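Have a look at the structure first.

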Amino acid sequence: MNHLLTLIVLLPLAGFLLNGLAGPRLGKRFVTAVGCGLPILAFLATVQCVLTLNAAGDPLVERVYTWARIGESTFDVAFYFDRLTAVMTLIVTGVGSLIHVYSVGYMKEDKGYARYFAYLNLFLFFMLLLVLGRSLLVLFVGWEGVGLASYLLIGFWFEDAEKARAGKKAFIVNRIGDAGFLVGMFVLYSTLGTLDMDRINAAFMASPMPAVSASLVGILLFIGATGKSAQIPLYVWLPDAMAGPTPVSALIHAATMVTAGVYMIARLSGIYVHAPEASQVIAVVGVLTAFFAATIAIAQTDIKRVLAYSTISQLGFMFVALGVGAYGVAIFHLYTHAFFKACLFLGSGSVIHALSGEQDIRKMGGLARKIPVTFVTFAVATAAIAGLPPLAGYFSKDEILWFAFASERGGSPLLWGLAAGTALLTAFYMFRLLWLTFFGRSRMTPEVEHHIHESPFSMTSVLVVLAVFSAIGGFFSIPHFLEPLLPMPEAKHELHHLETPLVVVSVVLALLGLAAAAFFFGRDAERANRLRPRFAGLQKLLYDKYYIDELYDRLITRPLYWISDRVFLRIGDRALLDGTLNGLAGLAQRTAGALGRVQTGNLHLYALFVLLGSLACLLLVWRHV
Amino acid sequence: MSEPALLNVVLYLPVAGILLLLAVPREQESLMRWLSFAVMVVQLVFTVMLYSRFDSADPGLQFETRLPWIRDWGVYYHIGLDGMNVLLVMLTAFLGPLVVAGSFSAITKDVKLFYAMVFLIQFAMLGTFVAQDLFVFYLFWETMLIPMFLIIGIWGGERRIYATLKFVLYTAFGSILMLAAVIYLVYSLYTSTGVTSFAFTDLYKTELPLRVQTVLLAAFALSFAIKVPMVPLHTWLPDAHVEAPTAGSVILAGVLLKMGTYGFMKLGFPLFPDATQFFAPTIMTLAVVSIVYGACLALVQTDIKKIIAYSSISHLGYVMLGLISLDLLGIQGAVIQMVSHGLTAAGLFLMVGMIYERCHTRELAAYGGLAKLLPVYSVFFMILTLASVGLPTTSGFTGEFLVLLGAFRSAWAQYQQGIGYPLAVSVTAVTGVVLGALYMLWFAQRFLFGTDKAPHQPLKDLDFRERAILATIVAAVFALGLFPDSALQKTELAAKQYQQLVATERAKMGRSVQRVATESTTRSAP
Amino acid sequence: MADKVPLLLSLAVAIFALGLLGVVVRRNVLVMLMCMELMLNGVNLSLVTFAHQTGTAVGAVLVFLIFVVAAAEIAIAIPIVLLLVRSKRTLDLDAYTDLKG
């Protein structure tokens, strides 16, 4: 029991080492057994820990070893398991295991099968370090590590330069966030002398409070979160990350890695409770991101891209919740989102698999009858994300909307308005996706249509499980479960009576979105196609993602290269520094040459010099005699 | 074996190696190679013995030898191990066999002379690290120039004469100034205390006015800064690396550059504490400039060796930042970063050498998709790249994290006292992690991914020798990344001594200098 | 004879100066050698004069030494000149510029 947490973390690591070093030689069965078996074992171990936690009451702490001791400072590697960790770990190992199983079918034909499972296990290892770590240092190790796994998995098919580039983009954009994160960590350490998150929270909750601006730390850490959790301005890596295999998108870019930022802020709620300015920033960034991403999603034509922007948008919702102090609610949405988004991504994977690689929804249609299991699960998940009761998404989204409106810690009608608008758009673009993909007449090429087949059991079973959870998952009230740890904010007293009306509004919005999508995109998108020419400009803007990537390229990337090349290299290093050096050397050579001209080889001249020299010496001596 | 003798054996084993080499007939190149390898391995074994017997709790010199040499001048043959040089000696001995093994197939002419030079430089480097007398130190410091000159000049690339002359003249220039400073320093010790001594422990006690300290520090710093190298004195490095043979680059990046930082740590800063404190902002700025400038320049290179050369400049900027932070975390971080860079840079240069032996070009544009052509090679390359970038679980992270944390903590404390500049500089230094990822991943991208292309295909993947070399380095990288504590314990006392020496005010005429807080105000955690 | 000292010294200086001038100005190698001998002899004369003036024998002894050394020196110098002349085929000193630069 003492080392169970360590075991949870080490199981996937063992999987990585086994599959990575011996996998290709030991065959697919071995790889599958190890690659899926170990995460499942980790899940079981997690369940055991939850039971232990329940019985014990106090959080479980396991110190593994001391990483470094310097002077008065000690950096330990330790794991910490409380209710929040329990929720996160269950999601990571549970959904993670499911996706591993799904991958067996999806990646069956790929020659990098062993490498894939090795990387996936590596990811799981780092993600578990992230959620189980007691100190920010261990969290950061996991944080960077999942970034690495993400890099390797996005660029999995590295022979395609584009895909490899997407991986690089993800890593670097993440790193920019990490710089902010590091500074935040440094500030915390410099003022509190510890990086243990439970101690940090306690320090901020105690009085007197530490002599550092909580908001400063809050914002710095949030910068890290914007990188990892794809919020404005560092979200640009996520859509490109769709270049990786679809199960990767499901696991990393929907259910787990991108939620790391949300987890981190929830974990450090002790700071944010005392940082109203930072919380405000988080809420505003969250809602703007949510809205912004939703607008882009409605114009995308790649099935995975729609889901990518949807993820960014839903993450924005989670940050809104964090920003108004409803930490437990944010985690609740994280939990429900993990189910329905994973289901959606894996469903899209199933569609892509069925259509032999087609990802453009304009070339789909009429799949409902042909791949029924995929269709039904996809539809359930879509309804869940749209917020239709009584599916999981309804519960979590509704709570967020309520607190966005009424929370004492920053709720406002404006916040609610934008969030509600996003909810409407969410329903709209998700049902658009559903319609265009599964309904109407087939727009597929005959070749593709001929080969349509439902996915194998390893894939469909997972879809079903996830769909079921998307449906009933909301009934387990995470906020309530986390209440002792993350208390809910107070709702403004005068607004209490608006709670029920707001719920109704949410449902109405969801239905409106559904109806609008059906209206425009039903019957083979007849009406949408008719209206398209009129909105061509707007559509292009949205389709091209507001040209943000191009903006970043112009403002940051190209100037950086230009300065490095023109200014630093050519002017600085070559002209100035080397020029000075070579100039000095040249000067020395020229001087030597000039002085050397005295050596004419003419003995007469030498004799003359001797004479003159001796005369001079004589004169000198004469004067002093 | 008795304690002091062991250190002397380690130090003089390379000399024995030279003598043994002389006995080998000219044609038997294979024997020369294996003999050199064997000698290096023996040296490594002895060094491991030294390392394991090193007592972390002893603050003084261990394995000390002190024999009178030139009595009238107070010069003693004084060598010993302390926390500061034990890791560097270990690094040098560790890289020795790897350098020899790595050049088995690369060096084909004048093999005997080559390995003799390698031994000579090994001797010089070890001597510099273990010297405890300024005369001995300077002697070994200068000795290192000649073998390096020959290694680059004889077995180097096209522009090798230019590169090696640049290297030697640049370094020698700094050394001359340092010599003048050394003489003046000993002289002023004599005039103030009547004692003529070159011993470090005695020189640490000199009390010089700030003006004098500044000039002497400048002289020492010039010499060391050229070696580190710090911007703007770095332009010799890219040329030297590009033209040097693989073994030369590995020695250069692996150990030689550390001699500069070691010089700062052992001599430059502790000998002139008041000047150091006074110029700390300047030095800090230069360190961060090195970090950022080096990274930016690495981004726009087309020669793969130059990319790694500029990355070295960037990495050693971190070391200087850690040293000047005067915060124990920063100092320890700097020491680890020194070793880490030694390992990763050596590894990367070895890998460049391996690909060069196959394809005979260093142009990045000539390569692509190596992950498909050379899978094992690519794995090692990726690992070393990530270590270079400072990925957690690698030694690079340990170094960078501790340095940045220490620098920040020190800057934060100063900020509390109203001085904002160090804080701005520290935060700028953090951007180094982004730039580092940028150029390294860009490099990996062009090199490993995308459509495959390389001259002289089909290419053979790594053979056993190459794999063994790289695996050793990777193992060390992870060891330092995951379990740095054992190494940190050995250097802790020395780091504290360094901190102590630089923090004490020793200027005569009591001119007060802005103090740098060495431990931040921390809340004791519950 | 004491009053003749200034005259003798002037004569010595004159001989020395003529010899020096000859070395600097003349181009013929053999003539230069002869002028160098002149210089030596000028010095000899002054030495003898001083010896006489002080009444010691030191100067005279030195003169004998100089004779011997000068003779030896000429014995070496003339063959060297001969060898040089054989390669350059001229007695003009200005032609010997191999040590240039």
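Between chain A and chain C there are 0 salt bridges, a salt bridge being a side-chain nitrogen of Lys or Arg within 4 Å of a carboxyl oxygen of Asp or Glu. This is a predicted model, where local features need pLDDT of at least 70 and side-chain atom pairs count only at pLDDT 80 or more, while totals for chains, interfaces and linings use all residues. Residues are numbered from 1 along each chain as its sequence is written, chains are lettered from A and ligands numbered from 1 in the order in which they are written, and side-chain values use heavy atoms, with hydrogens and water left out.

**Chain A with chain C**

- The count of residue pairs in polar contact here is 2, both residues at pLDDT 80 or more; a polar contact is a pair of N or O atoms within 3.5 Å, where within protein one must be able to donate a hydrogen and the other to accept it, and residues adjacent in sequence count only if both atoms are side-chain atoms.
- On the side of chain A that touches chain C, helix α24 (residues 603-624) gives the most, with 5 residues; helices (H or I, at least four residues) and strands (E, at least two) are DSSP runs, numbered from the N terminus.
- That side of chain A has 4 nonpolar, 6 polar and no charged residues, with Ala, Val, Leu, Ile, Met, Phe, Trp, Tyr, Cys and Pro taken as nonpolar, Asp, Glu, Lys and Arg as charged, and the others, Gly among them, as polar.
- In contact terms (heavy atoms within 4.5 Å), 10 residues of chain A meet 14 residues of chain C.
- The two chains bury about 920 Å², 66% of it on carbon and sulfur atoms; buried area is the accessible area (1.4 Å probe) that two parts lose on being put together, summed over both.

**Chain B with chain A**

- Of the 2 pairs of chains that touch, A and B have the most contacts.
- Here 65 residues of chain B are in contact with 56 residues of chain A, and the buried area is about 5,500 Å², with 71% from carbon and sulfur atoms.
- The salt bridge count is 2, and Lys166(B) and Asp578(A) form a salt bridge at 2.7 Å, N to O.
- Chain B and chain C don't touch, and their nearest C-alpha atoms are 23 Å apart.

**Salt bridges overall**

- Over all chains, the whole structure has 29 salt bridges.
- Asp549(A) and Lys169(A) pair up at 2.8 Å, N to O; this links distant parts of the chain, helix α23 and helix α5 of chain A, 380 residues apart.

**Second largest pocket**

- This pocket is lined by 46 residues, and Arg165(A), Ala166(A), Lys168(A), Lys169(A) and Asp240(A) lie nearest its centre.
- Helix α5(A) gives the largest share of the lining, 9 residues.
- By class, the lining has 24 nonpolar, 8 polar and 14 charged residues.
- A pocket is an open set of points on a 1 Å grid over the protein atoms alone, where a 1.4 Å probe fits, with protein on both sides within 12 Å along at least five of seven lines; lining residues have an atom within 4 Å of a point.

- A cis peptide bond joins Pro389(A) and Pro390(A), with omega about -10°.
- Val231(B) to Pro232(B) is also cis, with omega near 5°.
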